[in-house]
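Keep the sequence alongside as you read.

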Amino acid sequence: MVLAPRHQFRSLEFSLLEIALSSTLIIITILLTLLGNVLVLLAFKGNWRIRTTTNFFVSSLALTDILVAVVVMPFWVSYISSRIFNVIAQRIWTWTDILCGIASIWHLTFISVDRYFCIVSPLKYHTLVTHSRVLVTIVGIWVYSIVSSSLSQTLWSWSGYTLLLFINNFVIPTFIILVMYFNIFRKARYQARQIDMTINGKVKKFFLKKELKAAKTLAIVIGAFLITWAPFFAVNLHYYVCGCRPMPFVVIAIKTMHYGNSMTNPVIYGVFNRDFKNEFKKLLTKCFSFMFKRDLNIHDKSTKSCVRSEISPQ
């Protein structure tokens, strides 16, 4: 996502080392992002048990991350490496960058809300969170993201635009995510204590194991979001307040980090889910099996061809 004025990053001069390093990291990120998120979509399509309300958000998030990998990241590489980056390309990159950034953040936010209702109100969850409501919410996220990114084309010169995006698309979502996961962790602790009171023997050990597991999962979710997005918004807010232009290597670092969030999302919301993990194994096994059989068939055909050529009369 781009929050600072267009001329800020364009006026920066990136060294060849910075361009090479950033391009290499982005290419690796693109490949891993595509691999992880395509697996998420294939698993969601191929296994009916995975098509839960929560995973509708996860699948829509995967589409967002694929869009980042296919459109936004290549534009960023072109942006820093090309001396000639025309206005049309710049507008397309800016629009898609803001669109995908906002959509990704709000998908993460509503995933936290969904999990809050699932854990805190499990008896009411299926009546509160229905497939139709989830689909309406997903459409709302995309509409809001499209409108917000489209406004960037007209409101970019307004000094308050950066602050508006910062509050609406980082402060508010971060507050919601922290509140949701804090209450989830508190509820998990309460449930663990209730279970402990009904078990004779080894109570303390069981309680600590459950609590530590919940704390570890929540720490990964919150930590990945803050680590990948907080530096980007902090630099842009600093520029908004004092007008201090960041160093080129700082710009490259924060852009690589928040693009990297698209790579970590499949790991957090896919691999940590047992159904997704099992489906990933099946898909990768089929893929490698197909590749091995294809190579074996090619080898057999080439061997037969060589044998025929040797025994054929001269």
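Buried means under 20% relative accessible area, exposed means over 50%, and partly exposed lies in between (1.4 Å probe, protein chains only). This is a predicted model, in which local features need pLDDT of at least 70, side-chain atom pairs count only at pLDDT 80 or more, and totals for chains, interfaces and linings use all residues. Residues are numbered from 1 along each chain as its sequence is written, and side-chain values use heavy atoms, with hydrogens and water left out.

Start with the fold. The chain has ten helices and zero strands. Helices here are DSSP runs of H or I with at least four residues, strands are runs of E with at least two, and both are numbered from the N terminus. Of the 314 residues, 41% are buried.

Now take helix α3. It covers residues 53-81, which is 29 residues. From first C-alpha to last it reaches 42 Å, close to the 42 Å expected at 1.5 Å a residue. That expected span is 1.5 Å times one less than the number of residues. Yet α3 has a kink of about 40°, centred on Val68. The bend at a residue is the angle between axes fitted to the seven residues ending there and the seven starting there.

Areas come from the Shrake-Rupley method with a 1.4 Å probe; for residues, only the protein chains shown count as cover. Ile28, Leu32, Leu35, Leu284, Phe288, Phe290 and Met291 make a nonpolar patch of about 670 Å². Patch residues have over 30% relative accessible area and no salt bridge, and nonpolar side chains (Val, Leu, Ile, Met, Phe, Trp, Tyr) are joined within 5 Å. Helices α2 (16-46) and α10 (274-311) each supply at least two of the patch residues. α10 gives the most, with four. Leu35 is in helix α2. Leu35 is partly exposed, because its relative accessible area is 47%.

Which side chains meet in a salt bridge? Lys255 and Asp97 do, at 2.8 Å from N to O. The rule asks for a side-chain nitrogen of Lys or Arg within 4 Å of a carboxyl oxygen of Asp or Glu. By this rule the count is one. Lys255 lies in helix α9 (residues 248-271) and Asp97 in helix α4 (residues 87-120), so the pair ties together parts 158 residues apart in sequence. Lys255 and Asp97 are both buried.

Methods: Patch = residues over 30% accessible without salt bridge, like charges linked within 9 Å, V, L, I, M, F, W, Y side chains within 5 Å.
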